[in-house]
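Subject: A structure for you to explore

Hello,

Here is the structure I promised to pass on. Please open it beside this email, and then read on for what turned up.

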Amino acid sequence: MTTLPDRPNSALLVIDVQNGVVDGSHRRDEVIANINTLIGAARSQDVPVIWVQHSDDGLKRDSEAWQYVPELVRAEAEPLVHKRYGDSFEDTELETLLAERGVGRLVVTGAQTDACIRSTLHGGLVRGYDVTLVGDAHTTEDLSAYGAPTPEQVVAHTNMYWKWQSAPGRRGGTVDTADVSFAAVAED
């Protein structure tokens, strides 16, 4: 259904599952296990797995905090996108990598739900992609001390509202790991 011509393929995005990003995050181990399951499924179906890695003044490139968690291992042939903004498309080569692979549908996992995940979901949809959020494969830290909802509420709200997102010729959607399909989404 994507509005991008000649883009029948899906890709799995693994966003910012870095030591300093997910340390102490809500359901960290379960989320990482689900992402690992999805990586295995994508690889077995020859679906591109694209890794996204954030850096900024608080997350210095090449530091231990900047490294991906040891439970997730990127294959050498899988692209790694370096970013400095919440939206994984912003000032990166992500769009070029997706175009080269004929990708019109994104399956999104990673962290943080209320920052880079939401930014990338919206960034993909407005750029013409169908964007599916894996509801049990994203997480965030607890910022409730600063007035934010609890991580459970942030994740639940994001899953709920993204389930119903759409735009002309494209759609969002939320599914759990067990229900992920990398097949092209049929038109209604």
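Let me start with a definition: on a 1 Å grid over the protein atoms alone, a pocket is an open set of points where a 1.4 Å probe fits, with protein on both sides within 12 Å along at least five of seven lines, and its lining residues have an atom within 4 Å of a point. Points are joined across faces, edges and corners, and a volume is the space filled by probe spheres set on them.

The model is predicted, so local features need pLDDT of at least 70 and side-chain atom pairs 80 or more, while totals for chains, interfaces and linings use all residues. Residues are numbered from 1 along each chain as its sequence is written, and side-chain values use heavy atoms, leaving out hydrogens and water.

**The pocket**

The largest pocket has a volume of about 180 Å³. Its lining has 13 residues, with Val21, His54, Leu59, Gln112 and Glu141 nearest the centre. Helices α1 (19–22) and α4 (113–126) each give at least two lining residues; helices (H or I, at least four residues) and strands (E, at least two) are DSSP runs numbered from the N terminus.

Six strands make an open, parallel sheet, ordered β3-β2-β1-β4-β5-β8; two strands pair if DSSP finds at least two bridges between them. At the edges are β3 (80–83) and β8 (174–175), each pairing on one side only. Seven bridges join β1 (residues 9–15) to β4 (residues 103–111), and isoleucine 15 has glycine 110 of β4 as its bridge partner.

**A salt bridge**

How many salt bridges does a search of the whole structure find? There are nine, each a side-chain nitrogen of Lys or Arg within 4 Å of a carboxyl oxygen of Asp or Glu. In one of them, arginine 7 meets glutamate 95 at 2.6 Å, N to O. Arginine 7 is in the segment before β1 and glutamate 95 in helix α3 (residues 94–100), so this pair ties together parts 88 residues apart in sequence.

**One last spot**

Look at aspartate 46, in the loop between α2 and β2: its phi is positive, about 55°, although it is not a glycine.

Enjoy exploring!
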